[in-house]
Amino acid sequence: MNFSYYPGCTLKNKAQDLDRYARLSAEKLGIHLEELSEWQCCGGAFSMGKDEIASKLAAVRALNGAKEQGQDLVTLCSACHNVLKQANDAMAHDEEFSEHANNYMQLEKPYKGETRVIHYLELLRDVVGFDNLKKAVVKPLTGKKVAAYYGCLLLRPSKVMQMDNPENPTIIEDFLRAIGAEPVLYANRNECCGGYAVLEDRAIAQKKSAAVMENAADQGAEMMITACPLCEYNLKKNTPADGRLPVYYFTELLAEALGVKE
Amino acid sequence: MQRIGVFVCWCGSNIAATVDVNAVSEALAHEPGVVFSTNYQYMCSESGQNLIKDAIKEHQLTGVVICSCSPRMHEATFRKTVAAAGLNSYMLEIANIREQCSWIHKDKAEATEKAIILGRAAIAKVQLNAPLTPGTSPVTKRALVIGGGIAGIQTALDIADAGFEVDIVEKQPTIGGKMTQIDKTFPTLDCAACILTPKMVDCAQNEKINIFAYSEVEEVKGFVGSFTVKIKKKARYVDPVKCTGCGECTEKCPMKKIPNEFNLGLDTRRAIYIPFAQAVPKVATIDPDHCNMLKNGKCGLCAKVCSAGAIDYKQKDEIVEREYGAIVVATGYNPIKLDDYDEYAYAQSKDVVSSLEFERLTNAAGPTGGTLLRPSDGKHPHTIVFVQCVGSRCSNEGKGKSYCSKICCMYTAKHAMLTREKYPDTDVYVFYIDVRSPGKNYDEFYRRAVEEYGVHYIKGMVGKVVPRSDGKLLVQASDLLANEQLHIEADMVVLAAAIEPDKSARPLATMLTASMDTNDFFTEAHAKLRPVESPTAGIFLSGACQGPKDIPDTVAQAGAAASKVIGLLAKDKLTGNPCIAHPDEWMCNGCSSCEKVCPYGAISYVDKEFRMPDRTTAIRRVAVVNEAVCQGCGACTVACPSGAMDLKGFSNSQIMAEVDALCKM
């Protein structure tokens, strides 16, 4: 099965593991990810300004690229996924924005939000299926106590993202069970890590990330996984070294379970 | 040609300020058939009504048009007025120049023109009006109460007290409802069981009351005065006549690990059970989902130990059909599910409980025998945080409810106060948006919790509850008055969950053709003036099925619903609405179009013998309307392809005459 794939900037430098293990695992699962030929930065954050067009055009270009390939678009980075999904929703439902964006784009056929954007986790759940994933596992992570960390961008705004229940999600825990690990439930799995606030005031990010890390460790987790490079950064760099759990991208555990980790 | 009188009402300044009433009565005086036209300040007042009566007599009027407020307001008043002057009351038409004209327009010239046009349409219609006489229908002198909680119990007792028969249908094995699970009741702190169980026993012993416990309403047919209801008596697998309620079977049953609904799953029950000691009827019930004998034919222990021989594994559901004159809905409420409230860690920690669970944990008949212990480790909690408005007063888009659940402020004050009284070493915090305590002695009660019992009331909401591995619950909250963040290490967190109508209410409303609001609460006929009646005739509302209510409000409303039922059942006959459908048999070709659209099942067909123009006789299939069942909605008149079906008082020709008059500018 072929899908268009949007890696995003961070996956080309800081978060190469997220990207590499995702591709290796996908091939093992019979899924071919075709990187969009001319993708640009997604914009990083979806602007709340209704009249802000320019910073959203790159996302629309990527979406239209997948449309021209006739493929669903797979994303991996939580931030890119959030931006692409929100831009797609605006193209489909916000007529004024859609008209303006199409005026800039000068496409042969106007883009109206036709592309289906799915996160890699949704690919595993809805296309591969967690049951099939379980069968494909060769090195189950039996006995590994793993804390799933969702962060903010993956699930919210829930009406647009439509991935999982934003208050009581299960998708990463279900993924962990499929690869044989033992998910650790903890209260702060859904809280903010501090996000971009780290640029303004590192203390905020330190406080928020520490609360997440402490809670996961307290509940007996051995490691944490996430889908977001920014969360990974904050959890690794802005938590107290004492008691810090190792933090991995979920794709690294996936690759390990599938036996494709180099 | 009719002799028509036109009466234009000022409604004080309500109409007269926006509509030139003199111009209206003057313009309408020249309409065909109008022999008298006037205006007056308050047409509904006694002198206004006398003006109408005198004019009818003086001018020998045969039709009356009143230009005033909505017919919903005063049609009944004016029908009586014209009848008192000797006219048939259906020779009256009302042109609504208030709600549909003066109240919604600002420009006086335009509003006046519109009022004249509306009056003209009413005149055109009354030209074609014919005298109508309402039919009558009998009243079955028995009421059905659906739901056997405190609302249903009180309604049934009051109706029985007036001498009428009442049936209570309750889906649980016992009547009593939510109130049986409550320990003490605010604001007097009397024990709920002590005031409720005598009423339950009264129901069982009252000759006029028949309890269908463990039963559900399957089908409702008919109309006010004569409903036919099918009730499903679910199989208990125990003969209720033979069973003495001794409880021997419930001690011997080997299936021990079934979550006990009565204690909200905080302890377990057996597969054969009696919900609680004071159950009415006190009869054992076998839970077919968990009984080994019913599932795979192995066991039979309960039958062996039953000295009364009451166990019957072959018992089947039974359908009973009963007739009623009135139906009271008393289906009550449930707390919402809290699994999605991850921020309060309800699904993660056993020590985060709902208020109703807390109620069981403090009840002498509850799983801990009334000693407050943490569900996780059975230890005494030293710090308890109560969170109010969990799921109440939320935006409509989120997971919660937009309304205030009304009872939570008071029961939380009760819980907080009782905890402090029994365990003075316990710190109690209550987080609130506002404390809502209107009601007799309610605010005094809440203030006692704060001032005498030292409960820490903090204005602000809890943002997060983090369960820690040492058993503490880390509560993060804001104190809005002190403008600071609080971190409390609590042993228990109690969530005041919003309440919502019981899930059975929606399908029941469909069966009863009773209307509901977007939250699935039953709608009353008028928010202020008819609070216990449904807009559907013969259906009455009791208790929290109509909106969140505490026990005093519920009992008051239950009594009010009963008095309305008694008023209905006291009548020997009901006067119907004469504006009902009527087929022209010569035009009807028996196509069944009308029967298919009739929402009340009022239309059937007969083969009837006709004398044809050529003097032969022919048997033709024609529609017949059951006049007692027809509600006059008019759906059939629209569906009829040959124009045979007509609505008395709203005939096709009358409607067309109105439209013509409206279009003739």
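This is a predicted model: local features need pLDDT of at least 70, side-chain atom pairs count only at pLDDT 80 or more; totals for chains, interfaces and linings use all residues.
An angle over 145 degrees counts as roughly antiparallel.

S5, residues 145-148 of chain A, is joined to S6(A) by three bridges. The two strands run parallel. Within this pair, A:Lys145 of chain A stands opposite A:Glu182, which belongs to S6(A).

## The sheet in chain A

S5 and S6 belong to an open sheet of four strands in chain A. The strand order is S6-S5-S7-S8, and the pairing is parallel. Strand S6 (182-184) and strand S8 (247-249) of chain A form the edges. Each of these pairs on one side only. On average, neighbouring strands of the sheet are turned by 40° against each other, direction ignored.

## A helix pair in chain B

In chain B, helix H5 (residues 108-127) packs with helix H18 (residues 652-663). The angle is about 150°, and the axes are 8 Å apart. Angles over 145 count as roughly antiparallel, so H5(B) is roughly antiparallel to H18(B). Their crossing is right-handed.

H5(B) contributes B:Ile117, B:Arg120, B:Ala121, B:Ala124, B:Lys125 and B:Gln127 to the contact. H18(B) contributes B:Gln654, B:Ala657, B:Glu658, B:Asp660, B:Ala661 and B:Leu662. How do the residues of this contact divide into nonpolar, polar and charged? Six are nonpolar, two are polar and four are charged.

Key: Residues are numbered from 1 along each chain as its sequence is written. Chains are lettered from A and ligands numbered from 1 in the order in which they are written. Two strands pair if DSSP finds at least two bridges between them. Axes are lines fitted to C-alpha atoms, for helices over the stretch in contact, and angles run from 0 to 180 degrees between N-to-C directions. Angles under 35 degrees count as roughly parallel, over 145 as roughly antiparallel, 65 to 115 as roughly perpendicular and the rest as oblique. A crossing is left-handed if the near helix is turned anticlockwise from the far one by less than a right angle, and right-handed if clockwise. Two residues are in contact if their C-beta atoms, placed from the backbone, lie within 7 Å. Ala, Val, Leu, Ile, Met, Phe, Trp, Tyr, Cys and Pro count as nonpolar, Asp, Glu, Lys and Arg as charged, and the others, Gly among them, as polar.
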